[in-house]
Amino acid sequence: MRRGFTLITAIIFIVLVASIAALALSFSSFSTKQTTDLFLREQAELLVQSGTEFALLAISGHDINTTNGCLNAINAQYPKAGANAIFDINVTINYLGRGLATASNNNCNILSDLVETADSNRTVIIDTIVSTNTDNNISSEPIRLHRRTIQKP
């Protein structure tokens, strides 16, 4: 009777230890995935901010005239364009200001030309969208961040 009880106790102990080990492995796997997703999200947040700042720099260096028109969109990929890209960065620029339609030969995304003050002329609304590239299976869950800012370049 005593030998049978010891055998049953040993089997229960082995099953209990195996269950705890499987649970620990599951938590470890979940923690690794969560850390990777958190890293990619933080990277995407930095890219949203950088994309907005790059758009401001590009607008500042762009002459609005009938030949060039307005800078309406900027598209980029990070870290390299092509098959190795992890993120797609899409920036759309909308303008608020008087005289932009004639200066750009109607080649501007103009939201309004009813600007009253000269200081507010040529104000831009920048929409920056950063999303994971669908061709690259870097994450099981897609990451997509959107930032809208109003700026005066």
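**Contacts, core and backbone of the predicted chain**

Asparagine 107 touches Asn68, Gly69, Cys70 and Asn72, leaving aside residues up to four places away in sequence. These contacts come from a predicted model. The residue sits in the loop between helix H2 (100-103) and strand S3 (110-112). Asparagine 107 counts as partly exposed because its relative accessibility is 38%, between the limits of 20% and 50%. Isoleucine 64 is 43 residues away from asparagine 107 in sequence. In space, the C-alpha atoms of these two residues are 9.4 Å apart.

The overall fold was examined next. The chain contains two helices and five strands. Their order along the sequence is α-β-β-α-β-β-β. The C-alpha trace spans about 100 × 35 × 20 Å along its principal axes. The radius of gyration is 27 Å, whereas a compact globule of 153 residues would have a value near 15 Å. Of the 153 residues in the chain, 29% are buried. Among contacts with a separation of 6 or more, 61% join residues 24 or more positions apart.

The chain exposes about 10400 Å². Carbon and sulfur atoms supply 58% of that area. There are 11 positive and 12 negative side chains. The centres of the two sets lie 13 Å apart.

In soluble globular proteins, nonpolar side chains tend to be buried together. The largest nonpolar core in this chain has 24 residues. Helix H1 (2-60), strand S2 (87-96) and strand S4 (123-132) each supply at least two residues of this core. H1 gives the largest share, with seven residues. The residues with the most contacts inside the core are Ile59, Phe87, Val91, Ile93, Tyr95, Ile126 and Val130.

Valine 130 illustrates these contacts. Its neighbours within four places in sequence are left aside here. Valine 130 is then in contact with Ala44, Leu47 and Val48, among others. The list also includes Phe87, Asp88 and Ile89. Ile143, Arg144 and Leu145 are in contact with valine 130 as well.

Threonine 132 lies in strand S4. The residue counts as buried because its relative accessibility is 12%, and the limit for buried is under 20%. Not counting residues up to four places away in sequence, threonine 132 touches Ile86, Phe87, Ile138, Pro142 and Ile143.

Serine 50 and asparagine 106 are 56 residues apart along the chain. Their C-alpha atoms are separated by 29 Å.

Backbone geometry was then considered. Most residues other than glycine have a negative phi, and most peptide bonds are trans. Asparagine 106 has a positive phi of about 55°, although it is not a glycine. The residue is placed in the loop between H2 and S3. Asparagine 106 counts as exposed because its relative accessibility is 66%, and the limit for exposed is over 50%.

Arginine 122 also is not a glycine and has a positive phi, of about 65°. The loop between S3 and S4 holds this residue. At 29% relative accessibility, arginine 122 counts as partly exposed. A cis peptide bond joins tyrosine 78 and proline 79. Its omega is about 0°. Proline 79 is in the loop between strand S1 (73-78) and S2.

Aspartate 119 lies in the loop between S3 and S4. The residue counts as exposed because its relative accessibility is 67%. Aspartate 119 and leucine 145 are 26 residues apart in sequence. Their C-alpha atoms lie 31 Å apart in space.

Technical notes. Residues numbered from 1 in each chain as written. Predicted model: local features only at pLDDT ≥ 70, side-chain atom pairs only at ≥ 80, totals over all residues. Heavy atoms only, no water. Core = buried A, V, L, I, M, F, W, Y, C linked by side-chain atoms within 4.5 Å. Buried < 20%, exposed > 50% of the residue type's maximum accessible area, 1.4 Å probe, protein only. Helix = DSSP H or I, 4+ residues; strand = E, 2+ residues; numbered from the N terminus. Contact = heavy atoms within 4.5 Å. Rg over C-alpha atoms; globule rule 2.2 N^0.38 Å. Areas by Shrake-Rupley, 256 points an atom, 1.4 Å probe, with all protein chains shown as cover. Lys, Arg positive; Asp, Glu negative; His and termini not counted. Charge placed at Lys NZ, Arg CZ, Asp CG, Glu CD.
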